[in-house]
Amino acid sequence: MRNLEIFEELKKYMPGGVNSPVRAFRNVTINPPVIKKGEGSHIFDEDGNDYIDFIGSWGPMILGHNDEDVVKAIKAMVDNALSFGAPTESELLLARHMVNTLDNIDMVRMVNSGTEATMSAVKLARGYTKKDKIIKFAGCYHGHFDGFLVEAGSGVLTERIPGSPGVPKSSIENTLIAEYNNIESVRELFRKYGEDIAGVIVEPVAGNMGVIPGTSEFLKGLREVCTEFGSLLIFDEVMTGFRVAYKGAQSLCKVAPDLTTYAKIMGGGLPCGAYGGKREIMENLSPMGPVYQAGTMSGNPVVMAAGYATLTKLYNNLNIYNYIDKLGNTLQKGMEEIAKEKGISLVVNRCGSMMTPFFTELKAVNNYEDAKTCDTALYGRFFHHMIKGGMYISPSQFEAMFIGAKHSEEEIEKFLSIMRKF
Ligand SMILES: *Cc1c(COP(=O)(O)O)cnc(C)c1O
């Protein structure tokens, strides 16, 4: 079957033909290619089209598709183990590697997705502090957990959904919204509700309203105010962990969160997530403490093997981060130059290998309100042009594009030469 035929069939059996909304490409009004195979920086669809992939499964594929070491580790595990729901050595390898190589992680709990990691971290923060309110930032996305589906980024922003039907008011009455990169907006909430605030959750480099790095003043301010009020600082590094640097965004801003959430890259292409932090906090989790969180498939041996192979490969080849940063820099500078030549107003935000070209008249994009000024129709035309040229980029203005270890200088130049014809 070919792309269109499969997608038409998919729509009969699954809402919108997809299992996650952005994949449907609805806001750019084309049918998404149906992907058959990946190899390195390339993906191939059912019609035989070859794309250079700048989505990378929305972040996880930093080593490229079907990395030989990750595939080898998965195959070796599959021969012996699929799932036991029991302790395995594969969990030890990954958990110990994470604790030993990351900062601010004394213990971890494995889960199956980023959503699960953030909702569990928030529950732990509430259980530990015995407080209920959580501050999140407009435009930040932490998964599809009820309490966070207010002014969220990613698909919620792309589809212009203000909140979500199905989320009762009671689920969000303890969610307070502050403005990203505006520490005063956070202090104001603390002045009003300080005694009831369990924690602040933030993407230290936002990726789900397009890429917007948190300023170091902002992130340091969050640390200060949380410490002052006895609230926990939760860094959602589901996207940025092992991406903007091996040790994540917290190593760039040098701010130590109390809890950190991971997913995406740490699963090596399989469904995975984790949260971790200070021992004193983590020991409140059941079975040691009273905060209950569980999962039949959590710590699955095949997933653990994929994650371990990915993280050890990254850790043993840290020069990868210099390489993808350099490619990112070339791409950013090139896009800025082309936009200038063509008289297109464009702001390109980047942190290492994750970036977003914002089609806005503004001089800088620092928060959700800024991001919303973008000309999404123009972005849509840009998307159509690029995908016709074989460049698989996000169908939404409000997502990141990613560069991985298998991309080459030539592929970045190719992207720019196609953009030059836009
Ligand atoms: C992707 C993402 C999530 C959700 O992760 P899922 O695995 O899709 O549930 C949460 N937080 C951030 C910052 C993300 O980028």
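# Close-up views

**View 1. Phe422 counts as partly exposed, at 23% relative accessibility.** Phe382 is buried, with a relative accessible area of 1%. Here, buried means under 20% relative accessible area, exposed means over 50%, and partly exposed lies in between (1.4 Å probe, protein chains only). The model is predicted: local features need pLDDT of at least 70, side-chain atom pairs count only at pLDDT 80 or more, and totals for chains, interfaces and linings use all residues. Residues are numbered from 1 along each chain as its sequence is written, and side-chain values use heavy atoms, leaving out hydrogens and water.

**View 2. The structure holds 16 aromatic pairs.** Rings of Phe, Tyr and Trp (its six-membered ring) pair if their centres lie within 6.5 Å; planes under 30 degrees apart count as stacked, over 60 as edge-to-face and the rest as tilted. The rings of Phe25 and Phe383 have centres 5.4 Å apart and planes at 80°, so this pair is edge-to-face. Phe25 sits in the loop between helix 1 (3-13) and strand 1 (35-39), and Phe383 in helix 14 (residues 376-388), so the pair ties together parts that are 358 residues apart in sequence. Helices (H or I, at least four residues) and strands (E, at least two) are DSSP runs, numbered from the N terminus. Both Phe25 and Phe383 are buried. Phe382 and Phe422 also form an edge-to-face pair, with 5.6 Å from centre to centre and 70° between the planes. Phe382 lies in helix 14 and Phe422 in the segment after helix 15 (409-420), so this pair joins parts that are 40 residues apart in sequence. Ring pairs also link Phe25, Tyr51, Phe383 and Tyr392 into a cluster.

**View 3. Three strands form an open sheet in the order 13-14-16, with antiparallel pairing.** Strand 13 (347-351) and strand 16 (401-402) stand at the edges with a single partner strand each, so one side of each has no neighbour in the sheet. Strands pair if DSSP finds at least two bridges between them. Strand 13 pairs with strand 14 (residues 354-358) in the antiparallel sense over five bridges. Axes are lines fitted to C-alpha atoms, for helices over the stretch in contact; angles run from 0 to 180 degrees between N-to-C directions. Contact means heavy atoms within 4.5 Å.

**View 4. Strand 13 is largely enclosed by the rest of the structure, because five of its five residues are buried.** Val347, Asn349 and Cys351 point one way from the strand, and Val348 and Arg350 the other way. Strand 13 and strand 14 form a hairpin with two residues between them. In the turn, Gly352 has a positive phi of about 60°.

**View 5. The axes of helix 7 (residues 183-193) and helix 8 (residues 216-229) come within 9 Å and cross at roughly 15°.** That makes helix 7 roughly parallel to helix 8. Angles under 35 degrees count as roughly parallel, over 145 as roughly antiparallel, 65 to 115 as roughly perpendicular and the rest as oblique. The crossing is right-handed. A crossing is right-handed if the near helix is turned clockwise from the far one by less than a right angle, and left-handed if anticlockwise. Residues in the contact include Val186 and Phe190 of helix 7 and Leu222 and Val225 of helix 8.

**View 6. The axes of helix 2 (residues 68-78) and helix 11 (residues 301-316) come within 8 Å and cross at roughly 150°.** That makes helix 2 roughly antiparallel to helix 11. Their crossing is right-handed. Contact residues include Val70, Ala73 and Met77 of helix 2, and Val302, Ala305 and Ala309 of helix 11. Met77 is partly exposed, with a relative accessible area of 21%.

View 7. Most residues other than glycine have a negative phi, and most peptide bonds are trans. The peptide bond from Ser286 to Pro287 is cis, with omega near 15°. Asn104 is not a glycine, yet has a positive phi of about 65°. Asn104 lies in the loop between helix 3 (89-101) and strand 4 (107-111). Phi of Lys130 is also positive, near 60°. Lys130 counts as exposed, at 72% relative accessibility.
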